[in-house]
Amino acid sequence: MITQDQIDYFAENGYLSYGKVLEQEEVEALRTALDNVIAVEMAGGDDSEIEFKFGHRRGDESEEEAKRPRILTQYVNMWKREPIYERLLHHPEIAGAACALLESPRVRLWHDHIISKPPHDNGHFRYHQDFYNWPILEPRIVTCWIALDDATPENGCMHVVPGSHRDPRFGLESYAAELEARAAAEAQGLEWEESEREKMAYEPASTGRPVALKAGECMFHHSLNFHATPANVTERQRRAHVIIYMAEGVHARLDQAPNHPLIPNFRVKDGEELVGSDFPLARPEEERWRID
Ligand SMILES: O=C(O)CCC(=O)C(=O)O
């Protein structure tokens with residue numbers, strides 16, 4: 001279980017290399033379930049949920065498209081597709097740590113996804129803060145990044161900028177001021193000089209701190225923490241399962257990311273608490289994590 005020292009480290013740094021949460025046979029079972037999903041998608045894909053089609057190849061690209069590397073390969077909401085991923089949301093140690101890090105008695109899933117960087121078909125994923133890409137009002141959100149392969153700087157492990165989640169240059173007030181100033185500049189036809197936040201995208205991954213993990217280990221990062229992953233330049237796979245938990249009581253804010261692919265799943269209106277069966281509560285206290 002998470003310790004007070006780990007909670008304090010996360011509060012200070014905005015990330016936490018947590019350690020082992022899965023046994024090797026559990027990692028294998030998750031990889032097999034991922035392979036099932038990939039097979040379905042490469043055979044044309046499952047369109048039963050709107051988000052299933054995003055972020056990966058479906059075997060229907062032109063030859064030219066198939067040759068163009070993607071930065072990331074992504075399969076959104078694995079929990080709806082393979083029961084083992086649904087059970088993983090409630091893993092007592094993972095969901096328990098998310099509650100502790102968010103200081104929330106209960107946590108709700110925003111979404112999960114597999115993110116992989118297959119050899120020869122990936123690139124550098126630039127520094128960003130997740131929160132501003134989401135239609136959510138409060139940044140009380142934490143991501144658990146679980147390595148399904150050993151992850152190192154060479155094959156694209158997570159890199160973080162410690163403390164960036166509480167740097168006022170990158171916080172909510174600065175972001176609002178930036179949007180306002182940009183809109184004013186555009187209205188006057190003036191050139192917009194990029195903010196320090198925007199310039200972070202040009203930094204190499206090595207600007208931050210690498211978080212190397214063994215398969216079955218995980219790390220957490222705060223939704224305002226700057227993070228990036230360099231290209232996988234090895235012949236090894238780099239698969240991660242990523243679970244994003246929200247503190248209980250966060251609200252929808254559509255104008256922050258009006259084109260987000262999960263908005264069609266909202267059963268609540270703008271400004272209301274983000275609840276509903278698409279965003280399930282984790283049940284760490286009830287669930288015994290098991291692979292079958
Ligand atoms: O796994 C990756 O390469 C990127 C993941 C990421 O940016 C995230 O988990 O927020």
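Which residue in strand 7 is the bridge partner of His159? Pro210 is. The legends below take this pair and other sites in turn.

The model is predicted: local features need pLDDT of at least 70, side-chain atom pairs count only at pLDDT 80 or more, and totals for chains, interfaces and linings use all residues. Residues are numbered from 1 along each chain as its sequence is written.

View 1. Four strands form an open sheet in the order 4-9-6-7, with antiparallel pairing. Strands (E, at least two residues) and helices (H or I, at least four) are DSSP runs, numbered from the N terminus. Two strands pair if DSSP finds at least two bridges between them. Strand 4 (125-128) and strand 7 (209-211) are the edge strands, and each pairs on one side only. From one strand to the next, the twist averages 25 degrees. Axes are lines fitted to C-alpha atoms, for helices over the stretch in contact; angles run from 0 to 180 degrees between N-to-C directions. Three bridges join strand 6 (residues 158-160) to strand 7 in the antiparallel sense.

View 2. Strand 5 and strand 10 run antiparallel, joined by seven bridges. Cys144 stands opposite Ile243 in strand 10.

View 3. Six of the six residues of strand 8 (residues 217-222) are buried, that is, 20 or more other C-beta atoms, placed from the backbone, lie within 10 Å of their own. Glu217, Met219 and His221 point one way. Cys218, Phe220 and His222 point the other way. Strand 1 (residues 15-20) runs antiparallel to strand 8 and is joined to it by five bridges. Tyr15 has His221 as its bridge partner. Strand 5 also pairs with strand 8 in the antiparallel sense, over five bridges. Here Cys144 stands opposite Phe220.

**View 4. The nonpolar core around Ala98.** The largest nonpolar core has 68 residues. Such a core is a set of buried Ala, Val, Leu, Ile, Met, Phe, Trp, Tyr and Cys residues joined through C-beta atoms within 7 Å. Ala98, Val107, Met219, Phe220, Tyr245 and Met246 touch the most other members. Neighbours within four places in sequence aside, Ala98 is in contact (C-beta atoms, placed from the backbone, within 7 Å) with Val107, Val142, Cys144 and Tyr245.

**View 5. The shell around the ligand.** Among the residues surrounding the ligand are Leu72, Lys117, Asp130, Trp145, His227 and Val242; each such residue has its C-beta atom, placed from the backbone, within 6 Å of the ligand. Strand 5 (141-147), strand 9 (227-229) and strand 10 (239-247) give two or more residues each. By class, the shell has six nonpolar, four polar and two charged residues. Ala, Val, Leu, Ile, Met, Phe, Trp, Tyr, Cys and Pro count as nonpolar, Asp, Glu, Lys and Arg as charged, and the others, Gly among them, as polar.

**View 6. Leu190 in its loop.** Leu190 is in the loop between helix 6 (172-187) and helix 7 (196-199). Leu190 is exposed, with 11 other C-beta atoms within 10 Å; the cut-off for exposed is 12 or fewer.

Notes: Contact = placed C-beta atoms within 7 Å.
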